[in-house]
Amino acid sequence: MKCPFCQHDEIHVLDTRVSEEGDAIKRRRRCGKCDKRFTTYERIELSMPFVVKKNGSRTEFSEAKLRDSLMLALRKRPVAAASVDTAVQSITEKLLTSGKREVESNHIGELVMQELKRLDKVAYIRFASVYKNFEDLAEFQDAIEEAGQERKPRAD
């Protein structure tokens, strides 16, 4: 590292602390040549994979788009905001830990469907009908039966 004032590369660390938010390391430094002091921050840099769309174009992953898709499917459904946050976090973590630099948009769609199936069956059917481009009632019925298969049997 070089001094931002004189560009000298002999820098001494005077103090190291975790930032108030806990997401960075704050270091107080002093230049060995000009004796000026300055602060640096070290933060984790995570890079999400690029999303490869059906038409072959690539775009940056957007957590906001992911949340919007979930919220649209869950509109007027009794699902807590905290559950949506957990679903977004789960999908984001799966993408991060995959280690891939690019991910197909249909893979993200499948992850969304998994989360919606867990959160709310009606929202799952809504999303699946658009995502899988249902064209007739038989496709709706198949999706409903698939969602219903995971239902626990009643104890009469």
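Val-51 has Val-103 as its bridge partner in strand S6. The model is a predicted one, in which local features need pLDDT of at least 70, side-chain atom pairs count only at pLDDT 80 or more, and totals for chains, interfaces and linings use all residues. Residues are numbered from 1 along each chain as its sequence is written, and side-chain values use heavy atoms, with hydrogens and water left out. The domain assignment divides the protein chain into domain 1 (11-43) and domain 2 (50-149); these bounds come from an automatic or database domain assignment. The C-alpha centres of domain 1 and domain 2 are 42 Å apart.

**Sheet S1-S2-S3**

- Three strands make up an open sheet in the order S1-S2-S3, with antiparallel pairing. Strands (E, at least two residues) and helices (H or I, at least four residues) are DSSP runs, numbered from the N terminus, and two strands pair if DSSP finds at least two bridges between them.
- Strand S1 (11-18) and strand S3 (37-43) are the edge strands, each pairing on one side only.
- On average, neighbouring strands of this sheet are turned by 25° against each other, direction ignored. Axes are lines fitted to C-alpha atoms, for helices over the stretch in contact, and angles run from 0 to 180 degrees between N-to-C directions.
- S1 and S2 run antiparallel and are joined by seven bridges. Thr-16 has Arg-27 as its bridge partner in S2, and the partner of His-12 in S2 is Arg-30.
- Seven bridges also join strand S2 (residues 24-31) to S3, again running antiparallel. Arg-29 is bridged to Phe-38 in S3.
- Strands of a sheet pair through backbone hydrogen bonds, either parallel or antiparallel.

**Hairpins**

- The hairpin of S1 and S2 has five residues between the strands, and Gly-22 takes a positive phi near 80° there.
- The hairpin of S2 and S3 has five residues between the strands, and here Asp-35 takes a positive phi near 65°.

**Sheet S5-S4-S6**

- Another open sheet of three strands has the order S5-S4-S6 and mixed pairing.
- Its edge strands are strand S5 (58-59) and strand S6 (102-104), each of which pairs on one side only.
- Strand S4 (residues 50-52) and S6 run parallel and are joined by three bridges.

- Leu-66, Leu-70 and Ala-73 are the buried residues of H1. They lie on the same side of H1 because they cover an arc of only 65° around the axis; the arc is that of the directions from the helix axis to the C-beta atoms.
- Buried means under 20% relative accessible area, exposed means over 50%, and partly exposed is in between, using a 1.4 Å probe and protein chains only.
- An α-helix has 3.6 residues a turn, so residues three or four places apart point the same way.
- On the face of H1 turned away from its buried side are the exposed residues Lys-65, Asp-68 and Leu-72.
- Asp-68 is part of helix H1 (residues 63-73) and counts as exposed because its relative accessibility is 52%.
- Asp-68 and Ser-105 are separated by 37 residues in sequence and by 15 Å in space, C-alpha to C-alpha.

**Helix packing around H1**

- H1 and helix H3 (residues 105-119) have axes that come within 11 Å and cross at roughly 45°, and H1 and H3 are therefore oblique to each other.
- H1 and helix H2 (residues 81-97) pack with their axes 10 Å apart, at an angle of about 135°; H1 and H2 are therefore oblique to each other.
- Angles under 35 degrees count as roughly parallel, over 145 as roughly antiparallel, 65 to 115 as roughly perpendicular, and the rest as oblique.
- H1 passes H3 in a right-handed crossing, and H1 passes H2 in a right-handed crossing as well. A crossing is right-handed if the near helix is turned clockwise from the far one by less than a right angle, and left-handed if anticlockwise.
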